[in-house]
Amino acid sequence: MAKKKIGVLTGGGDAPGLNAVIHSLVRACHSMMDCELVGYKFGYRGLYNNDFMPLTRDTTSGILHRGGSILYNSNKDNLFNYDVVENGKTVKKDVSDVAIANMKKEGVDTLVVLGGDGTLTSARDFARKGINVVGVPKTIDNDLPSTDATYGFDTAVNIVTDNLGRLHTTAESHHRVLVVEVMGRSAGWICLHAGIAGSADVILIPEIPYTMDGIVKKIKERGAAGRPFSIVAVTEGAIEKDGSAVIGKVVADSPDSVRFGGVAAQIANKLEPLIDYEVRHCVLGHIQRGGDTSPADRILSARYGVKAAELIKNGEFGNMVCLRNGKMESIALEDVLGRGAMGETSAGGAKTVDPNGELVSVAKAMGISFAD
Ligand code: F6P
């Protein structure tokens with residue numbers, strides 16, 4: 001087999017585990033084939049600008065545990081609809097051919113794309129144009145259909161669980177209610193998992209619209225039972241019955257144009273006049289994606305990196321690596337988007353929590369309220 005030249009990029013937002021995938025991919029590729037790897041900086045933007053760095057055992061040494069991406073991230077650079085300045089005006093253009101010409105010029109014959117749905121959609125589109133592409137799914141939200149788990153999720157759940165524990169002790173000391181906002185967009189996975197692990201009293205997820213009465217009822221019940229403090233864990237995209245999600249901001253230049261934020265503050269403001277306790281809120285925000293990657297995510301990432309190397313070695317392009325029933329497998333990029341996996345309900349293409357599923361039942365059996 002001729003020496004391969006493999007380009008790697010990390011698109012979308014950062015997630016713990018990206019560096020661990022790069023780390024294992026580089027090592028597995030070198031052990032499986034004669035190859036050279038380069039990493040494009042800032043996702044697809046690096047491909048457009050031909051801005052890359054060598055990825056060797058040396059340049060990827062010591063990154064296994066680190067969150068973020070040594071290749072940096074961008075969630076704004078869709079090369080099929082890219083901002084280009086022409087005659088002093090910014091216009092949207094398909095510049096994918098520029099990226100392809102750059103790859104050809106450098107002799108890059110394979111592209112490994114680490115990212116979520118937006119990044120993988122572009123990966124599919126490059127595959128349609130004849131590029132040898134392998135996708136590796138990423139998101140802390142764990143809402144990608146076609147794979148049972150994405151790296152970053154376990155780390156986020158650990159961080160949220162740890163923080164719920166910290167907030168518990170202060171809530172208990174002051175006899176307060178703490179409303180804690182966690183990430184997840186329209187999927188409640190982080191909130192549900194961390195809420196159970198971190199002993200939240202109320203869990204609010206977008207898949208189960210809540211009522212203020214439901215939250216008040218649970219807090220009053222706890223008070224009457226001698227527990228005058230409560231933790232309410234709320235997903236940023238949670239929805240009040242007959243209401244809509246609280247939007248922080250709409251940003252035009254991003255595929256995820258909706259920036260969530262503010263639901264915890266809104267609930268806290270509404271809640272305080274309805275109960276006898278002081279109510280405070282806390283937004284965990286990007287803390288959930290920062291710092292070191294959890295051991296479970298490092299292992300999952302290592303498996304993804306090695307499987308991606310296998311696909312390259314076998315010439316199985318146009319595919320994304322995925323985890324199904326505990327096994328590393330692959331799926332055509334054409335089939336990745338908009339499909340439910342493992343029996344979850346699908347909303348808008350995302351893998352969301354089944355309101356009648358086992359985990360919700362477990363939480364309810366433990367006395368956790370969904371305020372529905
Ligand atoms: O999709 C991952 C995620 O962390 C969401 O949970 C969150 O809504 C979003 O990204 C935040 O994105 P950004 O960092 O671009 O604000």
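Is Lys92 buried, partly exposed or exposed, and what is its relative accessibility? Select Lys92 in this predicted model: the residue is partly exposed, at 47% relative accessibility.

**Salt bridges**

Go next to Arg124 and Asp125. They form a salt bridge whose closest N and O atoms lie 3.1 Å apart. Asp125 is buried, with a relative accessible area of 17%, and Arg124 counts as buried at 17% relative accessibility.

Move to helix H9 and pick Lys307 and Glu310, which are three residues apart and therefore separated by about one helical turn. A salt bridge joins Lys307 to Glu310, with 3.6 Å between the closest N and O atoms. Lys307 counts as buried, at 17% relative accessibility, whereas Glu310 is partly exposed, with a relative accessible area of 32%.

**Gln288**

Select the loop between strand E13 (278–283) and helix H9 (295–313), where Gln288 is placed. Gln288 counts as buried, at 0% relative accessibility. Its side chain reaches the backbone oxygen of Gly285 at 2.8 Å. Now show what surrounds Gln288. Leaving aside neighbours within four places in sequence, Gln288 is in contact with Ala156, Ile159, Val160, Glu181, Val182, Met183 and Ile190.

**Cysteines**

How many disulfides does the count come to? The count is zero. Cys191 counts as buried, at 1% relative accessibility. Then select Cys322. The closest cysteine sulfur to that of Cys322 is in Cys29, at 18 Å, which is too far for a bond. Cys322 also counts as buried, at 0% relative accessibility.

**A surface patch**

Finish at helix H11 (residues 358–365), which contains Val362. Val362 is partly exposed, with a relative accessible area of 30%. With Val362, Leu359 and Met366 form a nonpolar patch on the surface; the accessible area of the three together is about 230 Å².

Key
Residues are numbered from 1 along each chain as its sequence is written. This is a predicted model: local features need pLDDT of at least 70, side-chain atom pairs count only at pLDDT 80 or more; totals for chains, interfaces and linings use all residues. Side-chain values use heavy atoms; hydrogens and water are left out. Patches are made of residues with over 30% relative accessible area and no salt bridge: like charges are joined within 9 Å, nonpolar side chains (Val, Leu, Ile, Met, Phe, Trp, Tyr) within 5 Å. Accessible areas come from the Shrake-Rupley method with a 1.4 Å probe; for residues, only the protein chains shown count as cover. A salt bridge is a side-chain nitrogen of Lys or Arg within 4 Å of a carboxyl oxygen of Asp or Glu. Helices (H or I, at least four residues) and strands (E, at least two) are DSSP runs, numbered from the N terminus. Buried means under 20% relative accessible area, exposed over 50%, partly exposed in between (1.4 Å probe, protein chains only). A disulfide is a pair of cysteine sulfur atoms within 2.5 Å. A polar contact is a pair of N or O atoms within 3.5 Å; within protein, one must be able to donate a hydrogen and the other to accept it, and residues adjacent in sequence count only if both atoms are side-chain atoms. Contact means heavy atoms within 4.5 Å.
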